[in-house]
Amino acid sequence: MEQVPTSNVTKGVIIALVIIVLSIINFFSGLDAQSWTQYLISGVFMGGIIWSCIIYGRQLNGDVSFGNTFAHGFKVSAVVTVLLIVFLLLFSFIFPEMKERALETAREQMSQNPKMTQKMIDDAISMSTKSFTVFLIAGALFGYLFMGLIASLIGAVVTKKNPVSTIQRQV
């Protein structure tokens with residue numbers, strides 16, 4: 001009897017829950033503006049996708065190809081991305097101070113650039129305030145899907161494959 005691999009939805013939910021817990025801890029501890037916490041969350045995301053590719057290959061005893069392992073990993077990253085976008089929208093609605101913190105962090109980062117005048121900073125913050133939700137969704141969508149693409153490629157490369165059984169299946 002062949003083992004049925006864990007679904008990409010299940011893996012995506014697990015990875016998303018870990019990231020959501022980390023994000024909530026970062027927010028309430030005031031660490032959300034620190035760059036290392038953002039790297040930590042990105043590392044958990046990419047590590048989770050790579051892990052899901054490797055587990056997928058193991059559950060199928062190596063009877064996988066690069067393509068179907070990559071597809072599995074990218075589906076997992078799509079599930080995580082959708083769940084995180086929903087979380088970010090709900091969290092920013094429930095805790096509007098998240099928006100204020102993000103804008104204040106952006107203001108501080110822009111003020112450190114000597115090429116930016118105060119008027120340029122104020123205009124950028126004004127535009128960001130008006131379009132915060134759009135920037136939030138677009139940033140999460142493209143950022144997580146791009147990282148998911150890279151992680152899925154890495155996961156598909158490092159997953160052990162059994163070339164003999166793959167050839168036998170094709171014959």
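**Exercise 1. Find the residues that make the nonpolar surface patch of about 660 Å², and the helix that gives the most to the patch.**

Step 1. The model is predicted: local features need pLDDT of at least 70, side-chain atom pairs count only at pLDDT 80 or more, and totals for chains, interfaces and linings use all residues. Residues are numbered from 1 along each chain as its sequence is written, and side-chain values use heavy atoms, without hydrogens and water.

Step 2. Patch residues have over 30% relative accessible area and no salt bridge, and nonpolar side chains (Val, Leu, Ile, Met, Phe, Trp, Tyr) are joined within 5 Å. A salt bridge puts a side-chain nitrogen of Lys or Arg within 4 Å of a carboxyl oxygen of Asp or Glu. Areas are from the Shrake-Rupley method with a 1.4 Å probe.

Step 3. The members are Phe66, Phe146, Leu149, Ile150, Leu153, Ile154, Val157 and Val158. Helix α6 gives the most, with seven residues.

**Exercise 2. Determine whether valine 158 is buried or exposed, or in between.**

Step 1. Buried means under 20% relative accessible area, exposed over 50%, partly exposed in between.

Step 2. Valine 158, in α6, has 46% relative accessibility, so it counts as partly exposed.

**Exercise 3. Locate the buried residues of α4 and what covers them.**

Step 1. Met98, Leu103 and Met110 are the buried residues of α4. They cover an arc of only 130 degrees around the axis (directions from the axis to the C-beta atoms), so they lie on the same side of α4.

Step 2. Their cover includes α1 (8–29), α3, α5 (118–130) and α6 (132–158), where contact means heavy atoms within 4.5 Å. Helices are DSSP runs (H or I, at least four residues), numbered from the N terminus.

Technical notes: Buried means under 20% relative accessible area, exposed over 50%, partly exposed in between (1.4 Å probe, protein chains only). Helices (H or I, at least four residues) and strands (E, at least two) are DSSP runs, numbered from the N terminus. Patches are made of residues with over 30% relative accessible area and no salt bridge: like charges are joined within 9 Å, nonpolar side chains (Val, Leu, Ile, Met, Phe, Trp, Tyr) within 5 Å.
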